[in-house]
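Student: I have a model open and want to learn how to read its features. Where do we start?

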Amino acid sequence: MPEPHVFVIFGGTGDLARRKLLPAMYRNLVASGMSEQSVVLGLSSADIDDADYRVMAREALVEAGLDGAAPWCDDRVYFQQLTRDEPDLQRLRAKLAAIEQKHVLPGNRIFYLALPPGAFPKVISNLSAAGLNAGPGWTRLVIEKPFGRDLESAKRLNDLVHQQFNEDQVYRIDHYLGKETVRNLLAFRFANLLFETSWNRDRIDAVEITVAETLGIGTRAAYYDNAGVVRDMVQNHLAQLLALVAMEAPHSFDADAIRDEKVQLLKSIRSIDLEELTLGQYERGEVESVTVPGYREEDAVPVDSTTPTYISFRIDIDNWRWQGVPFYVRTGKRLPEKNSHVAVRFRPPPTCLFHGELDECETHQNVIKLILQPNEGFELHFDVKSPGESLRLVGEQLRFMYADRFDSIPDAYQTLILDIMNGDQTLFVRADEVEESWRLFDPVVTAAASGHPLLTYPAGTWGPEGRHTPIEWASGPIRGEVTRSPR
């Protein structure tokens with residue numbers, strides 16, 4: 001049950017606030033019975049007032065399928081205009097005091113920075129200068145990704161944050177960690193002895209992590225061409241997913257115990273071998289039977305851009321559990337299907353007892369597939385004997401899909417915002433975790449910017465061809481025919 005508070009959104013008229021934050025706030029407050037005890041305050045440079053912002057909030061909630069929210073918007077939603085170069089947040093401080101007095105609130109505040117990354121340092125400093133880094137109740141600061149552009153900038157931003165706020169006030173948000181399947185990884189691994197006792201180098205041959213997108217960059221060219229696939233996806237989303245898949249069991253299920261193990265895992269990762277790094281950029285092609293432009297043909301993208309939209313590489317973890325087990329990671333835009341999953345491929349039996357007509361081994365490797373999207377759930381792939389006299393094996397699967405068992409799955413932002421309201425930092429990134437992730441991927445960013453081969457691939461395909469890849473990537477349901485990796 002969240003305590004009463006004011007939820008302050010810097011960038012309150014932006015796309016993130018409209019599509020994600022306002023609907024998530026409303027769902028959480030109504031579900032918890034707190035809709036009459038907490039307030040939303042939007043901030044931006046827009047020349048509007050409370051009434052205008054309430055109209056926008058009502059429209060955003062209707063678009064999200066939330067009818068009947070008008071009374072809440074009229075009573076619990078406010079707006080404060082702040083100019084882009086306004087260093088003194090005393091007007092914000094006065095607005096907060098007036099709202100808290102009117103609604104008899106205890107002074108608990110959440111400041112959510114739904115802003116471009118370049119605005120973070122200034123806003124954080126201005127909050128502190130106005131005395132808003134602490135208040136009558138608790139104060140929490142939420143920072144969107146990307147947190148820094150490289151290791152040095154991440155360290156500088158961490159130093160600035162820690163000068164103004166305590167670490168237990170800071171919530172570095174990565175919406176991937178709010179996805180139900182990602183959150184369930186901890187339960188899947190550590191509540192089921194059947195899986196955890198096999199989750200090691202003695203039983204596992206390789207792990208594949210795929211985040212495939214059919215979409216291009218849309219209207220995000222200004223951001224994406226400056227960021228590229230490493231900053232946009234790898235350093236944050238994929239690093240977090242890798243840590244949850246591979247970390248050791250924490251000594252307890254509290255935030256710092258879990259985050260300690262994630263940091264230790266990141267520290268155990270060997271420097272990425274750039275010889276096994278593949279970078280690509282999509283060209284004109286067909287996605288889902290629709291012709292789409294190439295990356296350099298997108299609006300506002302320079303015609304000579306060398307920004308990668310695809311990456312694949314190998315991770316090696318130097319610890320007792322994973323020594324010698326390769327983790328293969330790939331992500332890209334304009335791939336054939338939206339398909340995000342982790343495939344854990346188990347070792348084959350030590351000797352083959354089942355042979356086909358040509359004396360080939362019929363045994364397929366077992367695979368556990370953890371599906372993040374589009375249909376969240378789990379699959380276990382295994383062999384069975386085909387009915388009949390001949391001893392022929394076929395691959396089958398056991399499946400659990402969340403949609404088959406549960407009526408609804410909370411949106412990732414809804415889940416994480418509820419954690420922020422309740423002061424639960426378990427699924428938020430700690431300062432040392434950010435820096436360890438950048439330590440790992442800084443060389444990849446440098447390689448991408450300094451002449452590492454950039455291959456092309458037609459939109460609607462699974463990435464660049466003509467370059468050695470470590471395994472035969474599975475484009476659909478994982479089957480035993482996926483070849484064993486070399487090395």
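Tutor: Start with exposure. A residue is buried under 20% relative accessible area, exposed over 50%, and partly exposed in between. Keep in mind that this is a predicted model.

Student: Is Glu213 buried, partly exposed or exposed?

Tutor: Glu213 has 22% relative accessibility, so it counts as partly exposed.

Student: Which residue does Glu213 meet in a salt bridge?

Tutor: First the general idea. Side chains of opposite charge can pair when their charged atoms come close. Here, the side chains of Glu213 and Lys333 meet, with 3.1 Å from N to O. Glu213 sits in the loop between strand 7 and helix 9, and Lys333 in the loop between strand 12 and strand 13, so the pair ties together parts that are 120 residues apart in sequence. Lys333 is buried, at 3%.

Student: How many salt bridges are there?

Tutor: The count is 28. One of them joins Arg172 and Glu167, at 2.7 Å. Arg172 is buried, at 3% relative accessibility. Another joins Asp75 and Arg76, whose closest N and O atoms are 3.2 Å apart. Asp75 is partly exposed at 30%, while Arg76 is buried at 8%.

Student: Which residues are linked in a network of salt bridges?

Tutor: Asp256, Arg259, Asp260, Arg430 and Asp432 are linked in this way.

Student: Now a helix. Which residues of helix 5 are buried?

Tutor: The general idea comes from geometry. An α-helix has 3.6 residues a turn, so residues three or four places apart point the same way. Helix 5 spans residues 120-129. Its buried residues are Phe120, Val123, Ile124, Asn126, Leu127 and Ser128.

Student: What do the buried residues of helix 5 pack against?

Tutor: They pack against strand 1, strand 4 and strand 5, together with helix 4 and helix 6. Just after helix 5, look at Gly131, which takes a positive phi of about 75°.

Student: Last, cavities. How many does a search of the whole structure find?

Tutor: Three, counting those of 30 Å³ or more.

Conventions. Residues are numbered from 1 along each chain as its sequence is written. This is a predicted model: local features need pLDDT of at least 70, side-chain atom pairs count only at pLDDT 80 or more; totals for chains, interfaces and linings use all residues. Side-chain values use heavy atoms; hydrogens and water are left out. Buried means under 20% relative accessible area, exposed over 50%, partly exposed in between (1.4 Å probe, protein chains only). Helices (H or I, at least four residues) and strands (E, at least two) are DSSP runs, numbered from the N terminus. Contact means heavy atoms within 4.5 Å. A salt bridge is a side-chain nitrogen of Lys or Arg within 4 Å of a carboxyl oxygen of Asp or Glu. On a 1 Å grid over the protein atoms alone, a cavity is a set of points where a 1.4 Å probe fits but cannot get out, and a pocket is an open set with protein on both sides within 12 Å along at least five of seven lines; lining residues have an atom within 4 Å of a point. Grid points are joined across faces, edges and corners, and a volume is the space filled by probe spheres set on the points.
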